[in-house]
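Trainee: I'd like to learn how to read a protein structure, one feature at a time. Can we go through one together?

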Amino acid sequence: MFNSSGIHGRQITAKVSRDMPAGVPMADDTPSEHRPFDPRTKWAELSQAERDAAYDNNGAVKNSAALIAERNEASARLRGTLKSRLDLPYGTRANNKIDLYPASTPDAPCLVFVHGGYWQRNSRELFAMLVEGVAAHGWSVAIPGYSLAPEASLNDIVAEIPRALDWLAAHGPSYGIAGPVVLSGWSAGAHLVAMALDHPRVHAGLAISGVYDLAPIRDTGLNNALKLTDEEIARLSPLRLPVTQKRLDIAYGSNELPALVLDSIDLHAKRAAANAPGRLIPVAGADHFTILEALRRPEGVLVDAARRALG
C-alpha cells in the first residue's frame with residue numbers, strides 16, 4: 001500500500017496572497033507532485049516512539065496547544081451568538097447530537113462538518129468557529145457529533161455519520177436546512193467523510209488532512225483506544241475500498257506529517273485512476289491545525305473549494 005512513486009494529474013496548490021488578510025490561503029493552479037519521504041516504507045525498522053511520532057499531529061506542531069486553545073475559545077464565543085439550533089439528537093447515544101446553523105433561506109447550500117481527534121477526542125462544540133466561513137456566502141452549516149473510542153468501536157463510529165445525514169434529510173427542512181449538502185471533515189473527520197460520501201443526501205465531499213489507510217494506526221499508541229481489527233482495517237480504509245463516483249476534493253497542508261500528506265495524494269490518485277471527480281488541494285505553509293483557517297475565513301481556499309463543489 002505504501003510506495004514512493006510519483007503520481008500524475010493536476011493538483012491545486014494554495015498559497016498566501018499578500019493582498020489578503022494573514023492566514024487566508026489562496027488558490028494557485030501550479031501543478032505539484034512533491035512526495036515527502038514516507039516513514040512507513042521502513043515501518044518494521046522503526047521504534048514504537050518513531051511509529052507514534054509518524055501520526056502525532058500535536059507533537060509535530062510546536063504551538064499546537066495555543067492553536068487549539070484559540071480554536072476552542074472562538075468556538076465557545078460563536079456558538080453562543082450565532083443563529084442556531086443546538087444539541088438536537090439524531091440517535092440514542094450521548095454524542096449523537098447535531099448543531100444546526102441555518103442560513104436565511106431554506107434552499108441554501110449546507111456544509112456538514114465532521115470534527116477530528118483520531119476518533120477518540122474532541123466534540124462538535126469545539127468547531128463552531130468554522131461556521132462563519134461559508135455562512136458569509138449565504139450557506140447553512142450542520143455539525144454532528146459522534147461517539148468516541150474506546151466506548152465505541154470504529155465500526156460503530158463510521159455508521160453514525162450516515163445516521164446523522166439520514167436525520168438531516170428527514171428533519172433539516174423543519175429547521176430551515178433543505179439545500180444541497182457538501183460533506184466536509186478534518187483529520188479523523190476526513191476519513192469519516194470518505195466513508196460516508198455515497199450517502200444520498202451528500203452532493204459532494206471535502207476531506208481535509210485525513211488518514212485513509214488504518215493499518216499503520218494499529219501499530220501506534222492511538223490503537224490503545226481504537227483496538228482495530230483486521231476486518232475494520234480492510235472494510236474501513238478508503239484506500240482499500242472501491243471508489244465512490246461522486247466528487248471528493250482532498251486537501252492537506254504542505255507542513256503536515258508525511259503520512260497524512262501521502263494518504264491524501266494516494267487517495268486522490270486512486271480516485272483519479274477510476275475517473276472519479278475531485279481536486280487535490282495542497283495548502284502551502286499550513287500545518288494540521290492552521291489548515292482550518294482556510295475553511296474558517298470567508299476568503300479561504302477551502303471555502304472556495306466547498307462552493308465550487310456544487311458546480
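Predicted model: local features only at pLDDT ≥ 70, side-chain atom pairs only at ≥ 80, totals over all residues.

Trainee: How many helices and strands does the protein have?

Mentor: There are 11 helices and 10 strands.

Trainee: And what does "buried" mean?

Mentor: Buried means under 20% relative accessible area, exposed means over 50%, and partly exposed is in between (1.4 Å probe, protein chains only). Here, buried residues make up 55% of the 311 residues.

Trainee: Is Lys83 buried or exposed?

Mentor: Lys83 has a relative accessible area of 56%, so it counts as exposed. You'll find Lys83 in the loop between α3 (64-79) and β3 (85-89).

Trainee: Which residues does Lys83 touch?

Mentor: For contacts, look for heavy atoms within 4.5 Å. Not counting residues up to four places away in sequence, Lys83 touches Leu100, Tyr101, Pro102 and Ala103. Lys83 and Leu100 are 17 residues apart along the chain, and 8.7 Å separates their C-alpha atoms. Across the protein, take the contacts with a separation of 6 or more: 71% of them are between residues 24 or more positions apart.

Trainee: What is a nonpolar core?

Mentor: In soluble globular proteins, nonpolar side chains tend to be buried together. A nonpolar core is a set of buried Ala, Val, Leu, Ile, Met, Phe, Trp, Tyr and Cys residues joined through side-chain atoms within 4.5 Å. The largest one here has 59 residues, and Tyr55, Trp119 and Tyr146 touch the most other members. Helix α5 supplies the largest share of this core, eight residues. A second, separate core has 36 residues, including Val61, Ile68, Val134 and Trp139.

Trainee: What can I say about α5 itself?

Mentor: Try its length. The expected span of a helix is 1.5 Å times one less than its number of residues. Helix α5 (residues 154-171) has 18 residues and reaches 26 Å from its first C-alpha to its last, close to the 26 Å expected at 1.5 Å a residue. Its buried residues include Ile157, Glu160 and Ile161. Leaving aside neighbours within four places in sequence, Tyr146 is in contact with Ile157, Glu160 and Ile161, among others.

Trainee: How do I read strand pairing?

Mentor: Two strands pair if DSSP finds at least two bridges between them. Strands β5 (residues 110-114) and β7 pair in the parallel sense over five bridges, and Val112 has Leu183 in β7 as its bridge partner. On to β8 (residues 202-208): β7 pairs with it in the parallel sense over six bridges, with Gly185 partnered by Ala207 and Trp186 standing opposite Ile208. Then β8 and β9 (residues 248-253) pair in the parallel sense over four bridges, where Ile208 stands opposite Ala251.

Trainee: Why is β7 described as largely enclosed by the rest of the structure?

Mentor: Six of the six residues of β7 (residues 181-186) are buried, so the strand is largely enclosed by the rest of the structure. Val181, Leu183 and Gly185 are on one side, with Val182, Ser184 and Trp186 on the other. As for β8, six of its seven residues are buried.

Trainee: Last one: what about phi?

Mentor: Most residues other than glycine have a negative phi, and most peptide bonds are trans. Asp87, in strand β3, has a positive phi near 60°. Its relative accessible area of 36% makes Asp87 partly exposed. Ser209 also has a positive phi, near 60°. This Ser209 sits in the loop between β8 and α7 and counts as buried, at 0% relative accessibility.

Terms used: Residues numbered from 1 in each chain as written. Heavy atoms only, no water. Helix = DSSP H or I, 4+ residues; strand = E, 2+ residues; numbered from the N terminus.
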